[in-house]
Amino acid sequence: MIRNYFKIALRNLWKHKAFSIINITGLSIGITACFFIFMYVSFELSYDNFHTKADRIYRLVTDIKTPTETINTGVTAWPFAPNIKNDFPEVESFVRISGSSLLVRHGDIKFQEEKSAFADSTFFKVFDFKLLKGDPKTALSAPASVVFTESTAKKYFGNANPIGQTVLVTGDAVPAIVTGLMKDMPENSQIKADMLVSMSSLTQKFNKGLDNQWGNFGATSYLLLKPGANPKTLEAKFPGFIENHNGKERKASQMFYTFFLEPMTSVYLHSKRDGSGASGSITNVYVFGIVAVFILLIACINFVNLTTARSVERAKEVGIRKVVGAEKGQLARQFIGESVVLCLIAFILTILFSVLLLPLFNQLAGKIISPGIFSNWYYVLILLVTSVVIGLVAGIYPALVLSSFKPVVVLKGRFSGGNKGNLLRKTLVISQFTISIALIIGTIIVYTQMDFMQNRDLGFSKDQMLILDTNGDPAADALKQAIATLPGVKSTANSSSIPGGGNPGAYSEIENKKGDLQIANLDLYFVDYDYVNQFKIKMVAGRAFSREFGTDTAQAMLLNEAAIKMFGYSSPQQAIGRRFRQWGREGKIVGVMKDFHFRSLQENIKPLSMRIELKQLGLISVKVSSQNLTATIAAIENKWKVLIPNRPFSYYFLDEFFDRQYRTEQRFGKLFFNFAVLAILISCLGLLGLASYSTLQRTREIGIRKVLGATVPGIVNMLSKDFLILVVLSFVIATPVSWFFMHKWLQDFAYRIDISWWIFALAGILAIVIALATISFQAIKAAMSNPVKSLRSE
């Protein structure tokens with residue numbers, strides 16, 4: 001019996017090739033897109049779950065309250081974690097991590113390891129990063145101990161055993177011993193490092209006394225709680241802990257700390273604090289999950305629509321089968337079997353699509369979601385089960401409809417398909433195009449927001465700006481002066497920070513409008529005299545730093561507009577001449593800068609201070625001419641090699657560097673666009689199939705109309721009108737729904753576009769054009785046909 005069903009199914013699919021191709025293609029595209037989204041969402045949700053103790057690992061985060069603001073940060077002061085471990089028995093262990101960029105040399109081989117990190121000796125106890133060689137208990141214990149990942153070790157030692165080898169670390173060429181070799185960190189880890197250095201190297205060699213600096217926030221701290229320990233109960237004890245260890249200093253500085261524990265597995269997707277390492281977006285995960293459901297829904301709607309549309313064609317078959325004794329259940333099983341067979345063929349095609357497109361998908365996602373669909377056997381199983389389930393679920397309604405036909409009615413030729421079937425198909429088409437139009441609107445809004453962020457006036461100049469990163473080399477100032485004389489170089493400046501990069505926060509006391517010194521934590525840039533002019537930062541009051549004022553090196557500060565507002569000034573001019581204290585320096589505010597975006601447009605502009613520092617400023621900003629750029633860079637490199645021979649030449653362009661902040665949003669936009677295109681394509685395939693069958697059913701009507709004088713445009717209009725009405729209704733439904741969800745999505749951006757009417761108008765026009773283009777091919781073909789043949793066929 002099953003074999004017979006299978007034969008009949010294949011015979012029907014072969015007989016109606018166009019129907020089969022449209023259905024199989026739509027299903028395979030839908031399942032492939034859904035599968036890719038499933039892999040992406042699963043990967044995003046899997047971050048840090050590979051740690052066996054992940055359910056007991058918590059990140060220690062801090063809220064710092066000052067008289068002017070509350071700062072929510074993901075880092076803690078250096079002494080917090082070790083003292084918490086000592087004071088609370090429910091804490092089994094702790095580990096602190098501090099990201100860094102370190103120069104590493106071995107013989108003539110040298111690299112600036114941008115993904116370096118200092119870590120406590122307990123690193124391999126708390127986390128499950130695999131140590132291939134070395135002792136996990138002692139690898140990071142002694143000062144000047146380093147652990148390399150496999151790929152990093154190969155750069156210096158090839159295939160030789162790195163354990164026990166000596167490398168020189170930092171610009172001071174500190175000898176360090178390789179004590180461990182670990183497997184490259186997994187892609188789904190928020191902690192990213194190519195090289196680990198023992199924390200004792202930092203606290204005992206490079207920055208002695210760091211473990212006693214309760215006001216120095218720079219450590220990302222993790223606590224491993226004992227089994228059964230309650231994190232909320234532990235959190236409740238933190239206020240007393242802070243009071244015991246740091247109460248007097250805290251009150252004197254008017255900076256009050258509150259600690260919280262974040263589950264490690266929620267940090268990547270849910271935390272909005274800094275210090276998180278890699279970070280994702282739970283909103284994007286939800287969006288893609290919804291898109292996956294929509295795409296699968298559209299594919300299933302196509303199947304139901306096209307199958308029920310053929311009901312007239314298969315009515316006589318059902319009638320004859322019932323006359324010769326077939327029961328309703330048998331017919332239903334046959335039609336469901338056909339549906340499953342079709343989906344199994346789509347499954348095979350899905351495997352092929354997945355194999356071919358997975359590398360491209362990994363590239364769009366910006367990470368290796370999966371090396372291949374056969375790398376995990378359950379991927380293939382998931383695809384198979386999904387295909388069978390779709391075949392069963394999507395085939396139930398058409399099977400029930402077809403198997404319920406009355407043989408007397410259909411064999412007398414009185415069967416027309418029924419109004420209920422037409423109503424259902426129209427409803428499903430509206431559903432399809434509502435989803436498609438909503439995705440079109442979403443795509444336009446996402447790309448418009450990305451364009452807005454990348455082209456908005458940031459308040460500073462970033463074009464043709466080459467950045468040299470000397471990592472604080474003492475020869476940086478000499479290099480700047482040497483570069484300034486080169487052809488193709490327009491101007492230069494030194495600084496500790498650039499827009500889009502990191503910068504420290506400084507405990508500051510600024511005279512407010514009342515004349516009192518008010519405490520605040522200000523973002524701080526150390527710059528030279530040329531920085532403000534180099535970046536064309538506008539001054540709204542006072543002056544920029546100047547060599548004409550000898551006191552500027554120690555007693556002058558610039559603030560931005562956001563900072564002076566925080567201290568109560570109603571106009572920039574009121575802040576000029578006011579006192580400041582910051583990091584051991586005292587002086588006067590000499591100028592107020594117009595606010596500029598020194599961080600992503602996802603954030604509001606924060607209070608910023610600038611001070612002169614002429615020594616060991618690691619970044620050199622070089623304004624270059626667009627002509628002979630290659631020769632200019634080569635000349636700069638030659639100067640570098642002469643003055644900083646021990647460091648690899650390192651440069652990048654500021655505009656590209658600044659736009660890196662939007663990589664996550666750019667990738668989201670590209671993925672969203674591609675999945676939206678697939679959804680629209682599947683909808684169009686369904687519309688094409690329905691248009692074909694609608695035209696086929698109206699063959700006689702078209703012939704009669706042509707004989708009576710109907711024109712080709714008139715017939716095309718007749719065949720297209722009903723479908724276009726459905727598309728317009730879809731647009732009416734999709735508009736408010738998409739506005740609501742995209743408005744919520746935009747709230748994550750501090751600076752965002754307004755959702756304008758033209759976005760919806762463009763989406764509606766695109767939907768109508770796409771639908772018309774899909775329908776018109778079949779409509780024109782029918783309208784151009786010979787009416788004599790049409791009537792003869794009837």
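In which helix is glutamine 432 found? Glutamine 432 belongs to helix H14 (residues 419–455).

The structure is a predicted model, in which local features need pLDDT of at least 70 and side-chain atom pairs count only at pLDDT 80 or more, while totals for chains, interfaces and linings use all residues. Residues are numbered from 1 along each chain as its sequence is written, and side-chain values use heavy atoms, with hydrogens and water left out.

**View 1. Glutamine 432 in helix H14.** Helices (H or I, at least four residues) and strands (E, at least two) are DSSP runs, numbered from the N terminus. Glutamine 432 has a relative accessible area of 1% and is therefore buried (buried means under 20% relative accessible area, exposed over 50%, and partly exposed in between, with a 1.4 Å probe and protein chains only). Apart from neighbours within four places in sequence, glutamine 432 is in contact with Ile298, Ile301, Asn302, Asn305, Ile682 and Ser683, where contact means heavy atoms within 4.5 Å. Proline 572 is 140 residues from glutamine 432 in sequence, and the two C-alpha atoms are 56 Å apart in space.

**View 2. Serine 271 and its polar contacts with arginine 59 and glutamate 262.** Serine 271 sits in the loop between helix H8 (264–270) and helix H9 (282–309). The relative accessible area of serine 271 is 10%, so this residue is buried. Its side chain joins that of arginine 59 through a polar contact of 2.9 Å and that of glutamate 262 through one of 3.1 Å. A polar contact is a pair of N or O atoms within 3.5 Å; within protein, one must be able to donate a hydrogen and the other to accept it, and residues adjacent in sequence count only if both atoms are side-chain atoms.

**View 3. A network of salt bridges linking Arg59, Asp63, Glu262 and Arg273.** Side chains of opposite charge can pair when their charged atoms come close. A salt bridge is a side-chain nitrogen of Lys or Arg within 4 Å of a carboxyl oxygen of Asp or Glu, and by this rule the count comes to 24. Glutamate 262 is buried at 15%, and arginine 273 is buried at 17%.

**View 4. The salt bridge between glutamate 511 and arginine 579.** The closest N and O atoms of this pair are 3.2 Å apart. Glutamate 511 is buried, with 11% relative accessibility, whereas arginine 579 is partly exposed at 34%.

**View 5. The salt bridge between arginine 56 and glutamate 92.** Here the closest N and O atoms are 3.0 Å apart. Arginine 56 is in the loop between helix H2 (17–45) and strand S1 (57–65), and glutamate 92 is in strand S4 (residues 91–106), so parts 36 residues apart in sequence are tied together. Arginine 56 counts as buried at 17% relative accessibility, and glutamate 92 counts as partly exposed at 23%.
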